[in-house]
Amino acid sequence: MLRRVCLGVAVGTAVGATVLAIVALVFRRPENWIGGDFGAATTYLAISLSAGVAVGAIVIALTVFLVHRRPITMPVAAFAACVTAVVAFVYLGEPAQDAEFALSGPGAYPVVELSRLTWVLYAVASLALLTAAVTDDVRARSGPRSRWTGTVIALVVALAVSVSGVAVASASRAGAALAAPIAIPMTPTSVGHQVAYRLRSTISQHMVPAGPGFVTVDEEAVTAYDGASGRSRWRFATDELPEGCSPYAAWSTGTDVDSVVVVQCAEDDDYTPAALDEQADAGLIAFDAMSGRHLWTNSEGWAVRSRAVSDGDGAVGVVRGEGADARIGALDIRTGHVRWNRSIPECADRWSATTATHSVVVFELCPGPKDVAAVSFDLTTGEPQRIPIDLPRWRDADAVIMWDVLAVMGSRVAVRYNLDRVTRNEALAVIDTATATARVDWGQVEWLHLAPEEGLVPGDVAQLVAHPGDDVTDVLMMPSGERRRIGGVEARTSWSSPALNTGRWAMVGDDLVTATVFARDRPYQMVTVHPDNTLSRRPSPCGRASGRLVPVPGSLLLVCPLPFDEQRPSGTEIIALR
């Protein structure tokens with residue numbers, strides 16, 4: 001009896017595994033997925049699963065020998081050992097891990113998991129065969145009823161395995177629950193005093209206005225919130241992203257009904273630009289901000305270069321490669337495909353590239369007498385236009401000119417230039433890609449700790465310098481491109497927080513607002529600067545910390561760092577003001 005049961009389990013499991021192998025081969029490509037090493041992954045799967053079919057045939061052949069009671073215990077034992085070794089390779093081998101990254105993520109069937117499951121089932125079948133081979137019940141005689149025991153068991157096991165596998169593959173397509181469309185509330189035009197709600201987030205910089213509110217990205221999920229109520233609208237768990245994909249930045253096309261959220265991930269947890277240079281498998285993943293529907297995934301190694309991706313052309317600037325292999329391009333937001341890409345000279349800094357309205361801009365310092373320029377590439381055609389930046393004071397200086405992108409808004413890009421980062425005589429260049437002009441102002445500009453690779457660059461307002469002891473702060477008004485001096489306010493910059501420097505100032509209606517003014521009684525102040533330069537002050541809801549301001553539909557968000565506490569996780573508190 002035991003012998004017949006083992007033979008039934010062996011045959012049924014082998015047949016079911018073969019069905020799963022066929023399912024995995026049929027559904028091996030994810031939907032809406034651009035790029036990725038599908039060739040190598042598919043080849044690996046084809047070889048693995050074809051070998052599995054051969055193993056299934058061997059299981060059935062050995063079963064026939066055992067049914068005829070031929071003593072083949074040693075061959076079956078060797079066969080079981082070989083199958084077990086292959087199972088270990090399929091789980092632990094590098095080809096399987098590469099295939100898991102290329103064929104996983106939103107919109108993908110779990111083909112690698114199905115492949116691994118087939119080999120586990122083949123191992124079970126081979127061990128069942130081995131058990132039958134060493135069973136001493138070779139002389140047993142069964143009645144008419146027991147004669148069909150093995151066949152019935154084989155059919156039941158095969159059916160159960162096949163149906164379960166197909167169900168798993170089908171269920172994986174459901175993905176995250178979609179949110180119903182809602183009305184988009186107005187973005188506040190004045191600073192309110194009422195605290196509408198409070199939220200906790202582990203990573204403050206990964207928060208962008210999008211759709212009817214805002215979206216946060218942390219270690220657990222991409223989550224969209226209603227800006228007016230603070231209620232979660234949709235959530236996409238990060239463990240549903242491609243295998244090994246660690247999100248490190250997020251962008252949004254804006255706050256209309258068609259807005260798109262783009263999340264960038266690397267293959268490990270090191271989010272620095274230097275590490276990303278080596279991340280050939282870095283990925284971009286897009287979601288519809290209104291519903292949470294996955295739109296596309298691009299795994300061709302492109303990195304977004306933008307403060308935001310609401311450029312008006314439905315595209316955003318991207319870069320890839322380094323040195324002689326460096327390329328710049330325009331990625332279509334709705335489809336995930338790159339419209340065009342071009343090589344850039346080695347004298348251009350691809351990591352300083354950014355997206356302006358209708359163009360992607362890269363900055364270069366080519367050989368010659370301090371030949372400084374910005375090159376604007378049209379987002380639709382890719383045609384370049386060179387914009388000279390005249391820095392005559394440094395033309396004969398024996399030092400290297402350095403630069404940092406300071407702010408981006410519309411067609412304007414502000415760049416800070418200096419010599420070796422040590423001089424106090426900086427140049428502030430405001431490049432207008434619409435008119436192909438650059439205006440240079442000389443004067444002190446503090447170095448801001450920003451992270452352009454994560455989209456952490458100011459927009460409407462960028463702080464230039466605070467004058468210690470004078471209660472004076474200079475800011476750059478990007479809509480006009482002019483420097484503005486604010487008396488009675490000393491808002492010092494941060495050396496440690498790119499996110500804070502990004503939202504140190506915010507335009508709320510006609511007012512300038514900051515929550516980074518240090519008060520004598522220790523708590524920080526929230527200061528509103530009115531158009532006539534009069535000031536309104538009140539204690540900041542962040543208390544003894546500087547706060548980042550982000551206007552979103554329905555609320556003005558104040559992002560406050562939480563103090564370190566071993567009893568609770570670190571991160572930030574998001575306070576909504578109305």
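Modeller: A definition is needed at the outset: a helix axis is here a line fitted to the C-alpha atoms over the stretch in contact, and the angle between two axes runs from 0 to 180 degrees between their N-to-C directions. Two packed helices are described by the angle between their axes and the distance between the axes. The model under discussion is a predicted one.

With those terms in place, consider helix α2, residues 38-67, and helix α4, residues 94-102, whose axes come within 9 Å and cross at roughly 125°.

By class, the contact of α2 with α4 comprises seven nonpolar residues, with no polar and no charged ones.

Helix α4 may also be viewed through its buried residues, which are A96, A99, E100, F101 and A102. A residue is called buried when its relative accessible area is under 20%. The buried residues of α4 pack against helix α2, and also against strand β1 (33-35), helix α3 and helix α5 (111-133).

The axes of α2 and α3 come within 12 Å and cross at roughly 160°. That angle makes α2 roughly antiparallel to α3. The crossing of α2 and α3 is left-handed. In this contact Y44, S48, V55, I58, V59 and L62 of α2 meet V76, F79, V83 and V90 of α3. Nine of the contact residues are nonpolar, one is polar and none is charged.

The wider setting may now be described. The protein has eight helices and 32 strands. Buried residues account for 54% of its 578 residues. Of the contacts between residues at least 6 apart in sequence, 57% join residues at least 24 apart.

I333 is found in the loop between strands β13 (327-332) and β14 (338-343). With a relative accessibility of 4%, I333 counts as buried. G487, by contrast, has its place in strand β25, residues 482-487. At 43% relative accessibility, G487 counts as partly exposed. The C-alpha atoms of G487 and T534 are separated by 9.0 Å, and these residues are 47 residues apart along the chain. Leaving aside residues up to four places away in sequence, G487 touches D471, V472 and L535.

Salt bridges complete the account. Side chains of opposite charge can pair when their charged atoms come close. The structure holds twelve salt bridges. In one of them the side chains of R198 and E573 meet at 3.4 Å, N to O. This pair links distant parts of the chain, for R198 lies in strand β2 (residues 195-201) and E573 in strand β32 (residues 572-577), 375 residues apart. R198 is partly exposed, with a relative accessible area of 46%, whereas E573 is buried, at 16%.

Another salt bridge joins R416 and D404, at 3.6 Å, N to O. R416 lies in strand β20 (residues 412-419) and D404 in strand β19 (residues 401-409), so the pair ties together parts that are twelve residues apart in sequence. R416 is buried, with a relative accessible area of 6%. The side chains of R395 and D390 likewise meet in a salt bridge, at 3.2 Å, N to O. Here R395 is partly exposed, at 35%, and D390 is partly exposed as well, at 47%. Finally, E364, D371 and R386 are linked in a network of salt bridges.

Key: Residues are numbered from 1 along each chain as its sequence is written. This is a predicted model: local features need pLDDT of at least 70, side-chain atom pairs count only at pLDDT 80 or more; totals for chains, interfaces and linings use all residues. Side-chain values use heavy atoms; hydrogens and water are left out. Helices (H or I, at least four residues) and strands (E, at least two) are DSSP runs, numbered from the N terminus. Ala, Val, Leu, Ile, Met, Phe, Trp, Tyr, Cys and Pro count as nonpolar, Asp, Glu, Lys and Arg as charged, and the others, Gly among them, as polar. Angles under 35 degrees count as roughly parallel, over 145 as roughly antiparallel, 65 to 115 as roughly perpendicular and the rest as oblique. A crossing is left-handed if the near helix is turned anticlockwise from the far one by less than a right angle, and right-handed if clockwise. Contact means heavy atoms within 4.5 Å. A salt bridge is a side-chain nitrogen of Lys or Arg within 4 Å of a carboxyl oxygen of Asp or Glu. Buried means under 20% relative accessible area, exposed over 50%, partly exposed in between (1.4 Å probe, protein chains only).
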